[in-house]
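Hi everyone, thanks for coming.

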Amino acid sequence: MIGVLGGSGTVGAVTADRLARYGLGPVRIGGRDRGRAAAVAESLDTEAEAVRADLADPDSLAAFCAGTSVVVNCAGPSYRVLDTVARAAVVAGADYVDAAGDAVAMAALSANPPDALARRSAVFSAGLMPGLSGLLPRLLAENGPLARLDAYVGGATAIGTLSAVDALLTRGPGFGTAQALWRDGRVVEHGLAPLRGVVLPGFRDRVHAVPFLSAEARALAADLDVDELRNYTVYVSERIPEALARAWADIDAGGDLDAHVPAVVAAADGDVAVGGSWYTLLFHARARDRGGSGPTRLLLRTPESYALSGVVTALAAGALVAGKVPAGAHAAADVLDAHAVLDALRTDPLVDEIDLA
């Protein structure tokens, strides 16, 4: 039994659907609204059940996890949930996958790990970003070390209320450093400026690329021993960056974070209204050995970033079921097979294009 908490949301519903398609059922769909959970369960081509589950209620969460082999968390906001569901899953004897979670949640679990984590596996950041954004670039470094790696991830996508809360919470050294790059084994602050109105392969029209050396990008650079890594978040307009900047200025002055959620949601809706929903991951690599062979560019395009996160989450659950993840807490990019994930994405209807050139 694989339990999907938050299974009636965008990410959770796609996760449950792919679990069924991959033959990994039966599936338990959990959420605060049992009716919505039941609708998802009934749509699946596998044995499925729906239960009411509230991650804020320890007894309810424990009951949801009981009897499962893997618990998948698609509920949020992830930076308020942190390791709450992971602990409940591991204590119940299940492995764990978090569609988001990032390094902050993983660190919270690892700081005071339950004894059962020595026998169970917990995989965090199993979505698009973080997740694919830290996994797929590894394919460009398989033939030798890189002198430089440039990453561009972004587009236009609707942002729900919980995701807007996460966006507003993504601040501080635990998440990354704005306008920084990685060079020669260290973070170089104020090393990059935003790129305004640029044309990038796979992105529609002109876009704005804002440098942000995320915790995931920093770990990737260190792991691959890249001489220089530049990581950009890409926006189609200034709406979202301006909404976030206004919110953070007010929050720093004592304002209420939740009061700014509608403005972030509206900014994302404004971007989608102009050109529809789309999202692109683009990676450029240059090898240290100029005469070496191997791919130097990877491009992936999807119409729905949050939905594609659900695909990655299901693939991570499949890796756990297959016993391919060691015990302990891990980032998905560190333990998933990049080739296997890429092959699965090539045939998924939520992927418009994959080009490894």
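Predicted model: local features only at pLDDT ≥ 70, side-chain atom pairs only at ≥ 80, totals over all residues.

Residues are numbered from 1 along each chain as its sequence is written, and side-chain values use heavy atoms, with hydrogens and water left out.

Let's start with helix α3, residues 58–65. Helices here are DSSP runs of H or I with at least four residues, strands are runs of E with at least two, and both are numbered from the N terminus. Which residues of α3 are buried? They are S60, L61, F64 and C65. Buried means under 20% relative accessible area, exposed means over 50%, and partly exposed is in between, using a 1.4 Å probe and protein chains only. Those four sit on the same side of α3, because they cover an arc of only 130° around the axis; the arc is that of the directions from the helix axis to the C-beta atoms. The face turned away from the buried side carries the exposed residues P58, D59 and A63. After α3 comes G67, with a positive phi near 85°.

Now the aromatic rings. Rings of Phe, Tyr and Trp (its six-membered ring) pair if their centres lie within 6.5 Å; planes under 30 degrees apart count as stacked, over 60 as edge-to-face and the rest as tilted. The whole structure has four such pairs. One of them is Y152 with Y232, stacked at 5.0 Å centre to centre with 5° between the planes. Y152 is in strand β7 and Y232 in strand β13, 80 residues apart. Both Y152 and Y232 are buried.

Finally, charges. A salt bridge is a side-chain nitrogen of Lys or Arg within 4 Å of a carboxyl oxygen of Asp or Glu, and a search of the whole structure finds 19. Have a look at D348 and R18, whose side chains meet at 2.8 Å, N to O. D348 is in the loop between α14 and β17, while R18 is in helix α1, 330 residues apart. Are they buried or exposed? D348 counts as buried at 7% relative accessibility, and R18 counts as buried at 5%. These two also belong to a network of salt bridges linking D17, R18, R21 and D348.
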